[in-house]
Amino acid sequence: MAVADFTPTYKESLFLPSQLSSLSSRLSNTRSHVLKPFLRPRNAKICCSVAPNQVQTPLAPQPTGTKGECYGVFCLTYDLKAAEETKSWKGLINIAVSGAAGMISNHLLFKLASGEVFGPDQPIALKLLGSERSFEALEGVAMELEDSLYPLLREVSIGIDPYDVFQDVEWAILIGAKPRGPGMERADLLDINGQIFAEQGKALNAVASSNVKVMVVGNPCNTNALICMKNAPKIPAKNFHALTRLDENRAKCQLALKAGVFYDKVSNMTIWGNHSTTQVPDFLNARISGLPAKDVIKDTKWLEKDFTDIVQNRGGVLIKKWGRSSAASTAVSIVDAIRSLVTPTPEGDWFSSGVYTNGNPYGIAEDIVFSMPCRSDGDGDYELVKDVLIDDFLHERIKKSEAELLAEKRCVGHLTGEGNAFCDLPGDTMLPGEQ
Ligand SMILES: NC(=O)C1=CN([C@@H]2O[C@H](COP(=O)(O)OP(=O)(O)OC[C@H]3O[C@@H](n4cnc5c(N)ncnc54)[C@H](OP(=O)(O)O)[C@@H]3O)[C@@H](O)[C@H]2O)C=CC1
Ligand SMILES: O=C([O-])CC(=O)C(=O)O
């Protein structure tokens, strides 16, 4: 089904004059039925439908094109009821992505638009958050989305103010964060990125859907998720996730490689703890072809030492080879993480996500965001898995990651409403990509 099957109508839109002329020529060159955009005051009522090819007189130019506004062809809405094929489609959902001009987003946005994440009957609106520094790049991203003609992609808007961009979003995928530069202390990184996530938490609290699901990717993602959550008291704490699915996928791959099986045979893979080099890939509960991984891979030394080290340091090794951090596989893992929440978990299996620890059955300290095993009915929510084994080895490792996260939390007390920050981070604490 092509986008052109639908009847276009106008949607409220604002354009810079430069956008207007390039957009108009693009539209008129490519689609004769498409209407030309026009400038309108922000609070103007959305106009009635306009005859094809009728040119509107531009109203007064607006000072900015950066306020979470629709982009290009996406300023035209199409009547979803007009086409027979769409009768089984679900209602439109709004998805915000921050760091939208970054490398991970460059893979992720096209997966979202293709239907791979939310399904082939789920139309979506993408709301892309950038900054002044990235705004032009964001326009470039929006242009590529236009040119991809995804039938399910009904709207794209771009902006630099989270209060505009997060309006009514049902999902927020928070990727944008400052990378740790040479000589930068981890405490500084926690502070700089923490401020971003505190502001975005406030914005989500103020304008997002009250049940918005938030997937924090930008590092240090567990503590950023905690900060975001603490600044969004109206949103259920359970709705905040820190992405540890990439670590889960890396762990599955390593177990499959060692066992000599294809990676779809590996299940029940938990990553415990922080998305850092203290993370704990759990080989005690993992299964290979339905059997305990330890019964298939009988090499305990490899499991305890090599496997754990490889998974913890995979990101850093990749950066050394590739010269940049994992972007494509991170985007894939975001897809996996969201799909795990919107589709029922297969019987007996589970997935890992960094979630709020309050009420956890494993004795992990409360009030941090910690990766743990989860199951979902496919409604966007999850439950923690109760029947997992925890032996002394696993317990000791979990405690180390817990201590690291508690230290990170003390370091950002000024951003979580807990008063003064006190930074006593363990010396060896690192992001996976920092090896
Ligand atoms: N949890 C996980 O498994 C993984 C997490 N990551 C993390 O994801 C994040 C994004 O990675 P990636 O897309 O590769 O990075 P990029 O550098 O390609 O993009 C990051 C985006 O962050 C934004 N940003 C926000 N604040 C700043 C700032 N102060 N300085 C510079 N950029 C800033 C920039 O966009 P703008 O200017 O629009 O704000 C930029 O486009 C990183 O924090 C990375 O460590 C990466 C891999 C795995
Ligand atoms: O440290 C980084 O930015 C990359 C990262 O998280 C990973 O590869 O897991």
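## A predicted protein model with a ligand

Buried residues account for 45% of the 435 residues in the protein. The structure described here is a predicted model, and its secondary structure comprises twelve helices and 17 strands. Among the contacts between residues at least 6 apart in sequence, 73% join residues at least 24 apart.

### Confidence of the prediction

The average pLDDT of the protein is 84, and 80% of the residues score at least 70. Over residues 1-64, however, the pLDDT is below 50, although this stretch still has 87 contacts in the model beyond near neighbours in sequence. Among the elements of the protein, helix H1, which covers residues 17-30, has the lowest mean pLDDT, at 33, whereas strand E9, covering residues 240-242, has the highest, at 99. For the complex, the predictor gives an ipTM of 0.97 and a pTM of 0.86.

### Strands and their partners

Strand E5, made up of residues 124-129, is mostly covered, since six of its six residues are buried. In a regular strand the side chains alternate between the two faces of the sheet. In E5, Ile-124, Leu-126 and Leu-128 point one way, while Ala-125, Lys-127 and Leu-129 point the other way, and all of these residues are buried. Strand E4, residues 93-98, pairs with E5 in the parallel sense, and within this pairing Asn-94 stands opposite Ala-125 of E5.

Strand E8 pairs in the parallel sense with strand E7, residues 171-174, where Ala-172 has Val-214 of E8 as its bridge partner. Strand E8 also pairs in the parallel sense with E9, and here Val-216 stands opposite Ala-242.

Elsewhere, three strands form an open sheet in the order E10-E13-E14, with antiparallel pairing. Strands E10 (266-267) and E14 (291-292) stand at the edges with a single partner strand each, so one side of each is left without a neighbour in the sheet.

| Strand pair | Sense | Bridges |
|---|---|---|
| E4 and E5 | parallel | six bridges |
| E7 and E8 | parallel | four bridges |
| E8 and E9 | parallel | three bridges |
| E10 and E13 | antiparallel | two bridges |

### The nonpolar core and a buried helix

The largest nonpolar core contains 99 residues, and of these Val-97, Leu-126, Ala-172, Ile-173 and Val-216 touch the most other members. Helix H5, residues 186-207, supplies the largest share of this core, with seven residues. Not counting residues up to four places away in sequence, Val-97 touches Ser-105, Leu-108, Leu-109, Leu-126, Leu-128, Leu-129, Ile-173 and Ile-175.

Helix H6, which spans residues 221-230, has ten of its ten residues buried, so it is largely enclosed by the rest of the structure. Among the buried residues of H6 are Cys-221, Asn-222, Leu-226 and Lys-230.

### Two residues examined separately

Phe-370 lies in strand E16, residues 369-375. A residue counts as buried if 20 or more other C-beta atoms lie within 10 Å of its own, and Phe-370 is buried because it has 26 other C-beta atoms within 10 Å. Leaving aside its neighbours within four places in sequence, Phe-370 is in contact with Asn-222, Gly-273, Gly-354, Thr-357, Ile-364, Glu-402 and Leu-405. Phe-370 and Gln-195 are 175 residues apart in sequence and 20 Å apart in space, C-alpha to C-alpha.

Ala-421, found in the segment after helix H12 (413-416), is partly exposed because it has 17 other C-beta atoms within 10 Å. Not counting residues up to four places away in sequence, Ala-421 touches Arg-410, Cys-411, Val-412, Gly-413 and His-414. Between Ala-421 and Gln-312 there are 28 Å in space, C-alpha to C-alpha, with the two residues 109 apart in sequence.

### Around the ligand

Ligand 1 is surrounded by 26 residues, of which the closest are Gly-102, Gly-130, Ser-134, Ala-177 and Lys-178. The residues of this shell divide into twelve nonpolar, twelve polar and two charged.

Key
Residues numbered from 1 in each chain as written. Chains lettered and ligands numbered in written order. Buried ≥ 20, exposed ≤ 12 C-beta atoms within 10 Å, placed from the backbone. pLDDT = per-residue confidence, 0-100. Contact = placed C-beta atoms within 7 Å. Near = placed C-beta within 6 Å. Nonpolar A, V, L, I, M, F, W, Y, C, P; charged D, E, K, R; others polar. Core = buried A, V, L, I, M, F, W, Y, C linked by C-beta atoms within 7 Å. Pairing = 2+ DSSP bridges.
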